[in-house]
Amino acid sequence: MNTAVNRTPAAVRASARLGRFVLRMFRPQIYVTYGVLWTVTLEGTAGEITKTAAPWTPTWATAVRAASVVLALLFVRMADEQKDLDYDRRHNPDRPLVTGVITVAELRGAMVLITVLVVALNALVSALSVLLILLGLAYTLFLAVLERRFPRLGENLVAGLLVSYPVQLLLSVYLYVSLLTGGIDADWRAVPLLAMFACAFLQFEFARKTEWRQDPQARLYSQVFGPRGSAAISLALAVGAVVLGLALLGRAGLLPAAALVFPALGAWRFLLRKRPSGLMLPAMGFVLFFNLLCFYGSTALAIGR
């Protein structure tokens with residue numbers, strides 16, 4: 001059996017290990033769905049608030065941007081896996097990089113491949129799209145260097161969030177500015193639009209790192225703000241996303257407002273029922289359904305024009 005394994009080309013074995021890594025650490029049913037929804041929702045809402053002559057419709061460039069966002073999210077996941085290796089050795093010994101399911105060299109090779117692929121894809125759209133997507137990937141690498149230079153930055157969760165969040169913001173800027181090259185006019189309401197996506201993302205970020213357990217070594221916002229305070233911040237961010245959606249979409253924003261049922265359910269499970277990690281799944285539901293309903297609402301407005 002070992003002979004058969006040794007005869008398998010190294011590239012095939014590496015591809016198989018990479019596939020297992022992706023299926024475990026970057027579940028396609030979640031991340032691909034999120035990346036596609038993020039793209040079409042931002043494009044559809046941007047197209048509606050600018051009141052262009054023709055209603056927004058997805059194009060081949062939309063597909064390029066959606067694929068680029070998904071690949072960029074995978075790039076970030078791979079970079080984080082390497083950046084957190086020392087922490088995972090102590091607290092998450094079953095992670096693929098810790099157990100040797102995949103190697104650092106294989107992850108870095110995949111990151112190079114992703115970079116080449118997104119450059120090739122975005123070259124079909126515009127030079128500005130290439131520049132912006134590369135800026136997002138470059139900032140991810142800059143963060144890794146920054147945390148190695150200043151180790152305490154990774155230990156301070158709030159400071160770490162402040163310096164790492166711009167990755168998500170840069171991807172939203174990439175989507176919006178790349179869309180401008182396709183005929184959508186720039187509009188000052190892009191600022192609340194990007195803020196809406198920021199609130200939706202950050203409510204999930206807080207929810208997934210909020211627990212009742214007390215562990216000074218764990219990277220949890222509840223260690224900084226307390227379980228109730230961290231849960232309240234997550235819920236407030238969800239409300240902020242809904243308020244911005246209403247301001248941008250008017251009556252059509254009432255539909256995505258219904259997604260508030262998810263964080264409300266999460267707060268009830270976590271604060272009243274004391275479920276150990278009752279916030280994360282409802283927060284994920286909010287992100288997905290809020291994006292979906294915003295897209296539906298903006299599309300309905302466009303059709304009604």
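Q: Which residues count as nonpolar, which as charged and which as polar?
A: Ala, Val, Leu, Ile, Met, Phe, Trp, Tyr, Cys and Pro go under nonpolar, while Asp, Glu, Lys and Arg are charged. The others, Gly among them, are polar. Keep in mind that we're looking at a predicted model.

Q: OK, how does the lining of the second largest cavity divide up, then?
A: You get 6 nonpolar and 2 polar residues, with no charged ones.

Q: Which residues are they?
A: Tyr34, Trp38, Gln168, Phe197, Ala200, Phe201, Val287 and Asn291 line that second largest cavity.

Q: How many cavities of 30 Å³ or more turn up in the whole structure?
A: The search finds 2. The largest cavity holds about 50 Å³ of space.

Q: What lines the largest cavity?
A: Its lining is Gln203, Ala207, Ala231, Ser234, Leu235, Pro263, Gly266, Ala267, Leu279, Pro282 and Ala283. That works out as 8 nonpolar, 3 polar and no charged residues. Helix 12 (190-208), helix 14 (227-249), helix 16 (261-272) and helix 17 (280-304) each give at least two of the lining residues.

Q: Switching to pockets: what's the volume of the largest one?
A: About 1800 Å³. There are 50 residues in the lining of this largest pocket, and Arg77, Asp80, Glu205, Arg208 and Lys209 lie nearest the centre.

Q: What about the second largest pocket, how many residues line it?
A: It has 33, with Gln82, Lys83, Asp84, Glu147 and Arg219 nearest its centre. Several helices give two or more residues to this lining, including helix 4 (60-83), helix 5 (85-91) and helix 8 (127-149).

Q: Which helix gives the most there?
A: Helix 8 does, with 7 residues in the lining of the second largest pocket.

Conventions:
Residues are numbered from 1 along each chain as its sequence is written. This is a predicted model: local features need pLDDT of at least 70, side-chain atom pairs count only at pLDDT 80 or more; totals for chains, interfaces and linings use all residues. Side-chain values use heavy atoms; hydrogens and water are left out. On a 1 Å grid over the protein atoms alone, a cavity is a set of points where a 1.4 Å probe fits but cannot get out, and a pocket is an open set with protein on both sides within 12 Å along at least five of seven lines; lining residues have an atom within 4 Å of a point. Grid points are joined across faces, edges and corners, and a volume is the space filled by probe spheres set on the points. Helices (H or I, at least four residues) and strands (E, at least two) are DSSP runs, numbered from the N terminus.
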